[in-house]
Structure formats: C-alpha cells, structure tokens
Amino acid sequence: MVEWIGVKVKIKTNIVLFSGLFLCGIIGGLIAAGFLLERWVLLPLGIIGIVLGILGARVMASRISGRVEKLTTVAKSIATGKFARVVEPRNDELSQLGAELNWIAEKFGELEHLKSAFISSISHQFKSPLTAIEGYIDFFIEGIDTGIGKAKQIKALNIMKHNASRLGRLINDVLDLAKIEARQLEVKRQPLKLDDILEERAGEFQPLAREKEIEIEVKEEEKMGQVLGDREKVKKVIDNLLSNALKFNHRKGKVVIEAKESSGQAGESSGFVEVSISDTGCGISKTEISTVFDKFRRLAPEDETTMEELKGPGLGLAIAKGIVEAQGGKIWVESELGKGSKFIFTLPKA
C-alpha cells in the first residue's frame, strides 16, 4: 500500500510539473506572438503570467517539499525505534502515505511492547529453574562435609533433572519459533496411528489434571486410519493445546480430546483428519480470538495458582500453528467467553 501511494504521489507531482511547463510554453508563445504581430499589450500579460507562475510553483514546491520532508523524518524515526503518530490527517495522496506511516508506527509499537513483555517473561521462565538447580547444587556442596541421606539425594537430583528438562523445553520453543519464521522447520512425515498418540499424551497430562480435579476424555472414530505427520511435532502440538486446556479450565472441569475424519462438501471425505481439544474453562473474547495464534500473546490463566511451569512465555500457540501448517494442515479456535474453548487442527490422511 505504501509503495502504491508513493507511486501516486510521484505521478501527481509529474502532472503538476508538466502542467507548469505547458503553461509556461503557452505564455512564451503569447510573448513571441506579441513580438511578431507587434501587439505589445501581450508582453505585460505574458510577464505577469510568468511571475505568477514562478511564485505559485515556489509556494507549491515549498508546501510539498515540507510535507515530504516531514514524512521522511517520520520514516527515519520509525527506523530508529520511535513509533509516535506524528502525521496530521489531510485529504490527499501525501496524507494517505502519512496515514500508512502512522499505521506502521502503531504496529511496530505494538510489536515492541510484545517483545518487551516476552523478554521479561522468558527471563523469568529461565530464572525459575536455574534458581532451583543452583539451590540444590549448593545443597550438595554443603552436604559434602555434613553428609546427605540417600533419599534426600535422590529427591534433590530428581528436582534438578525436572528443572533441567524444563529449561530444555523453553530453549527448544525459542529455537522452533525461529525455525518456523525462517521457514526452516524440519518435518519428517510418516504414517502415524493418531489414537495411540492421543492416549499417550492424555495419560502424560493426567497428574496435572488431577491437581485441578479435571477429567480428560479421549474420543476417536473407529477405523479412522492413519495420518501423515511428524510424530514428535504432532505430540508437541497436542501438548501445547492440552497444556492450555488445563491452564484455562475451571477446577472440576473437563477436557475432551476428539479425532474424526474431516468432512468435505456434500459429506465427502476431505482427505484430512480433524483433531480437537475442548475445555469447559473461561473461553476467549472475540477481540482476542483474532490474535490468539500470534507470538508473545499471553492470556491470564483461569486459576492464578496454576503451576508456574504451565505459565509459558506466549509461544505455544504460535509454534503449534507453524508446525500444523508445515505438515499441510490448518488450525483454528472456536470459543465463547465464559463457555470454554475448542482448538481444532487437521492433518492429511496417510
């Protein structure tokens, strides 16, 4: 859009210059005719016309150059990280270009805010497990002289291992997002039995579900067949969606994981399998649904006592979207505030 408006400004400027040259040509012709026909009355009219033309051109050039200079200043400000809206609205092409610059500045400002929030969040996410690991290292160092019982050693080592794994997941999330944005995510597609994966991931999240007394139910169509996808990547998508379903659910709520063949037009097979994960939680407002898959977006959990490790840096849904699309599928959400959410994604059939 900015490029098109810039082209229009150039075209209009060229038309104005051509019109000025054409007018000067006519005035010059009048002066020449005055000399040839000895009608001297045309001379002062021609001179007055030229003077007025020069003055008008200078005024117009000054106004246009002043506004172009201001637009240039705004563009340079955006380039240096200053995103204030400073272009006054008017009804011409230059103002349209200014409006586009205002819009760009606003979007960059939003992105800068999200980036700052992400850095703050990811710093906290890294700090928590590092602090735990450091604390238990000190515990072992102090126990060299005093002695530590075997049971305490095993407990401490398990906690350290858990936090090290948590750090690894955070690092992998950041790396995955970088690969997705660079279109370099490696996907090894192969035939998969989706029902096995769904049962496995539901079982993995059962301990967390029990903490909030949430029921997890798995529904599958019989003889659904296999899907084509990267096993580890598909598991990551399901884990991200299940994590959110628990995080944003009410205590004693329910999560339903369902897989079925996706129907095309007239009930015909679309060649895809549809996987949905729904919850009975707080839901998502209409204003937030459009940005829910954007990176760095974080919604407040239904239960503020939710385990810290479930409160991610706002990358999960962006990563899930990138993984699904890299495997030829689509992902979307259906939600109503106060009535829960349903995340759906598709995978091609094998």
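1. Lys349 and Glu261 form a salt bridge, with their closest N and O atoms 3.3 Å apart. The pair links distant parts of the chain, 88 residues apart. Lys349 sits in the segment after strand S7 (341-348). Glu261 belongs to strand S4 (residues 254-263). Lys349 counts as partly exposed, at 28% relative accessibility. Glu261 is also partly exposed, at 26%. Please keep in mind that this is a predicted model.

2. Now the overall picture. The protein contains 9 helices and 7 strands. It has 350 residues, and buried ones make up 35% of them. Take the contacts between residues at least 6 apart in sequence: 72% of them join residues at least 24 apart.

3. How many salt bridges does a search of the whole structure find? The count is 13. Side chains of opposite charge can pair when their charged atoms come close.

4. Glu200 and Lys235 meet through their side chains in a salt bridge, 3.2 Å from N to O. Glu200 lies in helix H5 (residues 194-204) and Lys235 in helix H7 (residues 231-247), so this bridge ties together parts that are 35 residues apart in sequence. The two partners differ in cover. Glu200 is partly exposed, with a relative accessible area of 30%. Lys235 counts as buried, because its relative accessibility is 14% and the cut-off for buried is under 20%.

5. The bridge between Glu325 and Lys321 is a local one. Their closest N and O atoms are 2.9 Å apart. Both residues lie in helix H9 (residues 316-326), 4 residues apart, or about one turn of the helix. Glu325 counts as partly exposed at 43% relative accessibility. Lys321 is partly exposed too, at 28%.

6. Helix H7 deserves a look of its own. H7 has 17 residues and reaches 24 Å from its first C-alpha to its last. That is close to the 24 Å expected at 1.5 Å a residue. Of the 17 residues, 15 are buried, so H7 is largely enclosed by the rest of the structure. Its N-terminal end is capped by Asp230. There, a side-chain oxygen of Asp230 lies 3.2 Å from the backbone nitrogen of Glu232.

7. What does Lys233 touch, leaving aside residues up to four places away in sequence? Its contacts are Leu185, Glu186, Ile323 and Gln327. Lys233 is in helix H7. Is this lysine buried or exposed? Lys233 counts as buried, at 18% relative accessibility.

8. Two loop residues have backbone angles to check. Arg183 has a positive phi of about 55°, although it is not a glycine. Arg183 lies in the loop between helix H4 (150-181) and strand S1 (190-192). Its relative accessibility is 80%, so Arg183 counts as exposed. Glu213 is the other case. Its phi is near 55°, again a positive value in a residue other than glycine. Glu213 is found in the loop between helix H6 (206-211) and strand S2 (215-220). At 44% relative accessibility, Glu213 counts as partly exposed.

9. Last, the surface. Ile137, Ile141 and Ile144 make a nonpolar patch of about 310 Å². One of them, Ile141, lies in helix H3 (residues 93-146).

Conventions: Residues are numbered from 1 along each chain as its sequence is written. This is a predicted model: local features need pLDDT of at least 70, side-chain atom pairs count only at pLDDT 80 or more; totals for chains, interfaces and linings use all residues. Side-chain values use heavy atoms; hydrogens and water are left out. Patches are made of residues with over 30% relative accessible area and no salt bridge: like charges are joined within 9 Å, nonpolar side chains (Val, Leu, Ile, Met, Phe, Trp, Tyr) within 5 Å. Accessible areas come from the Shrake-Rupley method with a 1.4 Å probe; for residues, only the protein chains shown count as cover. A salt bridge is a side-chain nitrogen of Lys or Arg within 4 Å of a carboxyl oxygen of Asp or Glu. Buried means under 20% relative accessible area, exposed over 50%, partly exposed in between (1.4 Å probe, protein chains only). Contact means heavy atoms within 4.5 Å. The expected span of a helix is 1.5 Å times one less than its number of residues. A polar contact is a pair of N or O atoms within 3.5 Å; within protein, one must be able to donate a hydrogen and the other to accept it, and residues adjacent in sequence count only if both atoms are side-chain atoms.
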